[in-house]
Amino acid sequence: MIVFQKEKDIKKYISDIKGAHKRIGFVPTMGALHEGHLSIIRKSKLETDVTICSIFVNPTQFNNKEDFEKYPVTPADDIEMLVKEHCDILFMPDIAEIYPHHMAFTLNFELGYLDTVMEGKFRPGHFKGVVQVVKRLLDIIRPDIMYLGQKDYQQYKVVEKMIRDLHIPVELRMAPTVRESNGLAMSSRNKRLNWPARERAAMIYKILTHAAGQLSYLSVDSIKQLSLEALRQIPGCEPEYFEIADAATLQLVSSLEENKPVVICTAAWLDGVRLIDNVLVL
Ligand code: AMP
C-alpha cells in the first residue's frame, strides 16, 4: 500500500492510474477503522482496479467540539488493517492540506430539505461540513466509483444530491451496515463505550427491527412513540429522534404507501456517546 499525505503527490499518482485506464474506487473514512470500513474496502477491490481509502477527521463536520476532540485516532492500527486488506492507496492528509484557506466554506451548494430533518436538524452545520470535505476529496481523487455506508443513510442522500446538483462525474454505491454479533452497528464511536454499554447499545437495533415488524399493523405515529419509549427504557440512553421516512426522498411519512420503501432512522445518546442507526424496509 502506498501512503500519501500531500495533495500534489497523490494527484500525480492518480494521473498515471487514469492514464492506464484503470478504474478507481474511493472509500472516504475518518479512521479508527473497523470491520464496517473494511467490508467497503473489499467491495471496492472486487468492483474496481485501484482502491483508494482516505482517512481524515474532518473538523468542519463536527458541530460539537468535545465530539471532535474525543474522536478516536488510531493511525498505526488503521494502516495495519488496510495493508492486510491489500488496499492499494491510503490518503492521509492533515488539516492544512485539505483546508489551505482555513476551512472557509466556498462551496456554493444548497442542501435544502435534507438538512432540516433528523441529522440535519440535530447537528446544525454537520452536512455543510460533510459536503465541503467530500467535494474537496472528490476533486483530488477523481474516482470512478465512491463507496459510502448505509450506516449513514442521510449522509448518503446528501452526497447523492450534491453529486447530482453539481454534475460531478462519479458513481455512488452504498455498502450494507456491518454489525456486531449482538446487532450493534459497528462505529468508530463504539470504542468509547465499555462492554456492558455495548450490550445495552445493541437494544437500539432490536428496537429498529421491532418497529419495522410493527409497520404492518400499527400506525407510524404509534410506532414512533413506542420506540422512543423503548429507547428511554435502556439505562443511560437518551434518544434524539426516531423517524420513519421515504427511503428515496427522506420526507417523513405519516402512513405507509404500497411499493414505497421507507427507512427507519434513529439517533440516541448512550453513556455520553452519540449513536445512529437505521433499517431499510423495502
Ligand atoms: P466514518 O469513518 O464513520 O466517517 O465512515 C466512513 C464510511 O464507512 C461511511 O461511508 C460510513 O457510512 C461507513 N460505515 C461506518 N460504519 C459502518 C458500518 N458499520 N457498516 C458499513 N459501513 C459503515
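Colleague: How many helices and strands are there in the protein?

Modeller: This is a predicted model. The protein has 10 helices and 9 strands.

Colleague: What makes the protein as compact as a globular protein of that length?

Modeller: Its radius of gyration is 19 Å, and the globule rule gives 19 Å for 282 residues. Along the principal axes, the C-alpha atoms fill a box of roughly 55 × 40 × 35 Å.

Colleague: What share of the residues counts as buried?

Modeller: Of the 282 residues, 52% do. The protein exposes about 13500 Å², with carbon and sulfur atoms supplying 54% of that area.

Colleague: Why is Gln61 called buried?

Modeller: The cut-off for buried is under 20% relative accessible area. Gln61 has 9%, so Gln61 is buried.

Colleague: Where does Gln61 lie, and which residues does Gln61 touch?

Modeller: Gln61 sits in the loop between β3 (50–55) and α3 (65–70). Leaving aside residues up to four places away in sequence, Gln61 touches Met30, Arg123, His126, Gly129, Val130 and Val133.

Colleague: What makes the pairing of the Gln61 and Asn58 side chains a polar contact?

Modeller: A polar contact needs a pair of N or O atoms within 3.5 Å, one able to donate a hydrogen and the other to accept it. The Gln61 and Asn58 side chains are joined at 3.1 Å, so the distance meets that limit.

Definitions and conventions: Residues are numbered from 1 along each chain as its sequence is written. This is a predicted model: local features need pLDDT of at least 70, side-chain atom pairs count only at pLDDT 80 or more; totals for chains, interfaces and linings use all residues. Side-chain values use heavy atoms; hydrogens and water are left out. Helices (H or I, at least four residues) and strands (E, at least two) are DSSP runs, numbered from the N terminus. The radius of gyration is taken over C-alpha atoms; the globule rule is 2.2 Å times the number of residues to the power 0.38. Buried means under 20% relative accessible area, exposed over 50%, partly exposed in between (1.4 Å probe, protein chains only). Accessible areas come from the Shrake-Rupley method with a 1.4 Å probe; for residues, only the protein chains shown count as cover. Contact means heavy atoms within 4.5 Å.
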